[in-house]
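Here's a quick briefing to read with the model open beside you. Have a look at the fold, then work through the notes below.

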Amino acid sequence: MRTQRLNHLLLSLFLFAAAFSSLHPTATAGDEGAPSPGDGDGDADFIRTSCNTTLYPDVCFTSLSRYASAVQQNPGQLARVAISVSLSKVHRAASYVSNLTRDADYDGTTRAALALHDCFSNLGDAVDEIRGSLKQMRQIGAAGAGASSFLFQMSNVQTWMSAALTDEETCTDGFQDVADCPVKTDVCDRVTNVKKFTSNALALVNSYANKGMP
């Protein structure tokens, strides 16, 4: 059963990678114009102010300020770009852990190996949830959509992003009983960093939802 789950997640990540160009933050930002040098101070200030509501404002601003001209002080667009950046980070982490699970030093029976496989499963779920959030965000504001539809769609996004953050935390929690080793440190450090981007994206999603209709 574990092998079937691993194969399913590997296939999911492969299919995701094939379509990744349409989900990458550059492509998302490109929906309303690619970032360009000389962004207005107002656009950058908007992102900085928005990022100050997150748990990791410096990480937030550093990762999102390059898209200032695409965001154009639009909280919905900022949330979409933040979700896309988060998706990029967790996808890379899942691919990295996937490679580790196939390492010859981990035969699938040690605590470290089991933690790696469980972590990969958790990150695969997070990829699906964040991808679903991004898809939902792109549908918000469709013609004829009213306030009730907006709230319902945002509730879905909030639920999925929260679930993704929980899955990422479950990944690192799974290494608590693993003896200290380079793999444990490496994976936990990487996923802890990923959690910062997902947390920031969720905060910006919550802020956008609280503002009401786009």
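With which side chain does the side chain of Arg 131 make a polar contact? The partner is the side chain of Asp 128, at 2.7 Å; a polar contact here is a pair of N or O atoms within 3.5 Å, where within protein one must be able to donate a hydrogen and the other to accept it, and residues adjacent in sequence count only if both atoms are side-chain atoms.

Keep in mind that this is a predicted model: local features need pLDDT of at least 70, side-chain atom pairs count only at pLDDT 80 or more, and totals for chains, interfaces and linings use all residues. Residues are numbered from 1 along each chain as its sequence is written, and side-chain values use heavy atoms, with hydrogens and water left out.

**The overall picture**

- The protein has nine helices and zero strands, where helices (H or I, at least four residues) and strands (E, at least two) are DSSP runs numbered from the N terminus.
- Of its 214 residues, 47% count as buried; buried means under 20% relative accessible area, exposed over 50%, and partly exposed in between (1.4 Å probe, protein chains only).
- Take the contacts (heavy atoms within 4.5 Å) with a separation of 6 or more: residues 24 or more positions apart account for 78% of them.
- The accessible surface comes to about 10300 Å², and 52% of that belongs to carbon and sulfur atoms; the areas come from the Shrake-Rupley method with a 1.4 Å probe, and for residues only the protein chains shown count as cover.

**Helix H8**

- H8 covers residues 147–173, and its 27 residues should span 39 Å at 1.5 Å a residue, which agrees with the 39 Å between its end C-alpha atoms. The expected span is 1.5 Å times one less than the number of residues.
- Its buried residues include Phe 150, Met 154, Val 157, Met 161, Leu 165 and Glu 168.
- An α-helix has 3.6 residues a turn, so residues three or four places apart point the same way.
- Among the elements covering the buried residues of H8 are helix H6 (75–101), helix H7 (111–139) and helix H9 (182–211).

**Back to Arg 131**

- Arg 131 sits in helix H7 and counts as partly exposed because its relative accessibility is 25%.

- The whole structure has two disulfides, a disulfide being a pair of cysteine sulfur atoms within 2.5 Å.
- One joins Cys 51 to Cys 60, S to S 2.0 Å, and this link is left-handed, with -65 degrees about the S-S bond. Cys 51 is buried at 0% relative accessible area, and Cys 60 is buried at 1%.
- Another joins Cys 119 to Cys 171, S to S 2.0 Å. This pair links distant parts of the chain, with Cys 119 in helix H7 and Cys 171 in helix H8, 52 residues apart. Its S-S torsion is about -65 degrees, so the disulfide is left-handed.
- Number the bonded cysteines in sequence order and the pairing reads 1-2, 3-4.

- Cys 181 is partly exposed at 22%.
- For Cys 188, the closest cysteine sulfur is in Cys 171 at 6.7 Å, again too far for a bond. Cys 188 is buried, with a relative accessible area of 16%.
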